[in-house]
Amino acid sequence: MLCASIQVFALGINEHVDVRSLGYLPNENVVLLNRGLADDVVKNEHIQLFYNDKFIARAYSLQVDTHRSIWLIYQIANEGPLTEKAELKARRLPLRLVPFRVKNAAEDTRVDEIKQELLAQAPPETPEPAPRLKLGYKESSREDNEEIPITDPEGAMALNPSNNSVDSDAFQDEEAKKNFNVQLTAAPIKFSSQYHAREISYGTNVQSVDWGKKNLSGHYVYSNRRSRPSNYTAGATGIATSSSYDAGVNFDINNITEHFSFFSFATYQRERDGVIYPIRYRWNIAPVGLKYNIYNDDKIQDLSLSYAPIMEYELNDIPSTRTIQTGTDAFGNPVYAYEDYVEQKKFQRARHSFRFGFKWVPVPNFVIANTLWYRPSHDFSNKEVDLRDCRLSNDFSLGYNPSDNITLGYQNVYTWDLLQKRLLGLPSSNMDNIFTISYTFAL
């Protein structure tokens, strides 16, 4: 039987562990720490470093060996303890707080070349003590040939005879690698300004992880309303069942130059109100978009302005009335009556989409974000731009993470759509107040 003592690094959010700097290259902003796979450190870990309870830096892991790891240092407050190889404390942070610029810098870092320089600074590893054998057994002098010698019973037992070699470090690193983050969201409380609507919605978001400069994401949201009169029944006071569906996919290539990123997206919407479909379908397709990154650091993670041309395809149910002849009167004159019916109209438009994005992380685990969209319609046949038909929207959100997987959020969503009034006779503006709870896991 083997006797061993293992110190585990695995941390929950905001927990601390002791670490030591073994080597530091200030020109490359990389440090070698005395923690590795044996301590449950994995590639793409995200930590804060403290010296004497004072913050000195944030770090993002580039490469992890059994007992050591190489980290990219950013937001440096004091590099003295790193240079002096002092005793430090590390606190784990959520991976989603890593700025895009740091992930891009990590992808471009020459880890294999830097590793030799760091190891040259590090003291030699202390050899592990030989395992103690249980009393009554003797160590075999036979050459190790992937067999376990058994001296008390007779014979030998083969160890993985069909497997020539196993790189345990590579296996653990590959096992820890995830491709997507999946977020499940419920909004049990939502208030709308139109007709004092109350609704509940469910949704999911899928986000790629560690794809370098590329990012792929998708979403699907289903909402159900039961506590407001129908928009399409005159004088209605009862409860109408309504629902809406929203789905989309986004693809980004971040920082193709220092300030510009590429993106494209496609979205689908469908809305039902009672038996009417004010939106039977609405497709928005932006094949090519360009984002200008105005500013980005570890706290202000997004300050950008984007533009993309959009093709919009839409089919609407529009309630209307028509006159029909129901018979004739006593003098032989036709008698007419008004009949309600639903007319379907199909639209195809082009829009100019301008988007202003802002994301601020003032403290760990708390996020403030705002996205403003302005999408005026462009009639290419008449060479006219309708600045009022712009599908204006502003989405302000607050998010707090009590743990690494749970997010509590609030959203204030304002929309202004002139077509609601032109086509359906509804108010152009609406405001939603949404309270959400989300759970995130990796695939």
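The lining of the largest cavity is made up, by class, of 5 nonpolar, 2 polar and 5 charged residues. Here Ala, Val, Leu, Ile, Met, Phe, Trp, Tyr, Cys and Pro count as nonpolar, Asp, Glu, Lys and Arg as charged, and the others, Gly among them, as polar. This is a predicted model, in which local features need pLDDT of at least 70 and side-chain atom pairs count only at pLDDT 80 or more, while totals for chains, interfaces and linings use all residues. Residues are numbered from 1 along each chain as its sequence is written, and side-chain values use heavy atoms, with hydrogens and water left out.

**The cavity**

The structure holds 3 cavities of 30 Å³ or more. A cavity is a set of points, on a 1 Å grid over the protein atoms alone, where a 1.4 Å probe fits but cannot get out; lining residues have an atom within 4 Å of a point. The volume is the space filled by probe spheres set on the points, which are joined across faces, edges and corners. For the largest cavity this volume is about 100 Å³. Its lining includes Glu 271, Arg 282, Glu 314, Arg 391, Asp 417 and Leu 423. Strand 14, strand 15 and helix 5 are the elements that give two or more residues to this lining, and the largest share, 4 residues, comes from helix 5.

**Salt bridges**

A salt bridge is a side-chain nitrogen of Lys or Arg within 4 Å of a carboxyl oxygen of Asp or Glu. The structure holds 18 of them.

| Asp 65 | Lys 115 | 3.0 Å |

The bridge between Asp 65 and Lys 115 links distant parts of the chain, 50 residues apart: Asp 65 is in the loop between strand 4 (54–64) and strand 5 (69–74), and Lys 115 is in helix 3 (residues 111–121). Asp 65 has 28% relative accessibility and so counts as partly exposed; buried means under 20% relative accessible area, exposed over 50%, and partly exposed in between (1.4 Å probe, protein chains only).

Asp 386 is partly exposed, because its relative accessible area is 26%. Arg 422 is partly exposed too, at 47%.

**Nonpolar cores**

A nonpolar core is a set of buried Ala, Val, Leu, Ile, Met, Phe, Trp, Tyr and Cys residues joined through side-chain atoms within 4.5 Å. The largest one has 18 residues, and Val 31, Ile 47 and Trp 71 are among those with the most contacts inside it. Its largest share, 4 residues, comes from strand 4. Apart from this core lies another of 16 residues, including Tyr 60 and Val 111.

**The whole chain**

The secondary structure comes to 5 helices and 22 strands. Helices (H or I, at least four residues) and strands (E, at least two) are DSSP runs, numbered from the N terminus. Of the 443 residues, 36% count as buried. Contact means heavy atoms within 4.5 Å. Residues 24 or more positions apart account for 59% of the contacts with a separation of 6 or more.

Notes:
1 Å grid on protein atoms, 1.4 Å probe; cavity = no way out; pocket = protein on both sides within 12 Å on 5 of 7 lines; lining within 4 Å.
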